[in-house]
Amino acid sequence: QFQLVESGGGLVQPGGSLRLSCATSGFTFGVYHIGWFRQAPGKEREGVSCISDKGDSRNYVDSVKGRFTVSRDNAKNTAYLQMSSLKPEDTAVYYCAAAFKSCDYPLYWGQGAQVNVSS
């Protein structure tokens, strides 16, 4: 049974940092890309970042480039999203998802983690 569980969300002041974790089980983590997505209130879900199955390719949406870093530890079946210099517009529910060969087609989703950036 595919399972992805996000953790590490919370309330942070503008300029602060958070690290989200995506712990997985029930599938061969090392053959799936992991995508991070977010959905803000009243907005459509958007792709934030993607890391390839081996971790040798990463990409980011323009709005987070230079501030967010995606990583993974295949030995721990866990992916991470390090978020720095957070802005109020980063407030959203963040989801991780497992995708085969392309983050454009996520197959399995976590339940989401709330991130609130506010003073």
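A polar contact is a pair of N or O atoms within 3.5 Å; within protein, one of them must be able to donate a hydrogen and the other to accept it. In this predicted model, the backbone nitrogen of V117 lies 2.9 Å from a polar atom of the T91 side chain. The structure also holds two disulfides.

**V117 and T91**
- V117 belongs to strand β11, which covers residues 113-117, and counts as buried because its relative accessibility is 4%.
- Beyond its neighbours within four places in sequence, V117 is in contact with V12, Q13, P14, L86, K87, P88, D90 and T91.
- T91 is located in the loop between β8 (78-83) and β9 (92-99).
- A polar atom of the T91 side chain also lies 3.0 Å from the backbone oxygen of P88.
- Outside four places in sequence, the contacts of T91 include A40, P41 and Q114, as well as V117.

**Disulfide C22–C96**
- The sulfur atoms of C22 and C96 are 2.1 Å apart.
- This pair links distant parts of the chain, with C22 in strand β3 (residues 18-25) and C96 in strand β9, 74 residues apart.
- The torsion about the S-S bond of C22 and C96 is about 70°, so this disulfide is right-handed.
- Both C22 and C96 are buried.

**Disulfide C50–C103**
- C50 is joined to C103 with an S to S distance of 1.9 Å.
- C50 lies in strand β5 (residues 46-51) and C103 in the loop between β9 and β10 (106-109), so the link ties together parts 53 residues apart in sequence.
- The link of C50 and C103 is right-handed, with 75° about the S-S bond.
- C50 is buried at 8% relative accessibility, and C103 is buried with a relative accessible area of 13%.

**Pairing order**
- With the bonded cysteines numbered in sequence order, the pairing is 1-3, 2-4.

How values were computed: Residues are numbered from 1 along each chain as its sequence is written. This is a predicted model: local features need pLDDT of at least 70, side-chain atom pairs count only at pLDDT 80 or more; totals for chains, interfaces and linings use all residues. Side-chain values use heavy atoms; hydrogens and water are left out. Helices (H or I, at least four residues) and strands (E, at least two) are DSSP runs, numbered from the N terminus. Buried means under 20% relative accessible area, exposed over 50%, partly exposed in between (1.4 Å probe, protein chains only). Contact means heavy atoms within 4.5 Å. A disulfide is a pair of cysteine sulfur atoms within 2.5 Å.
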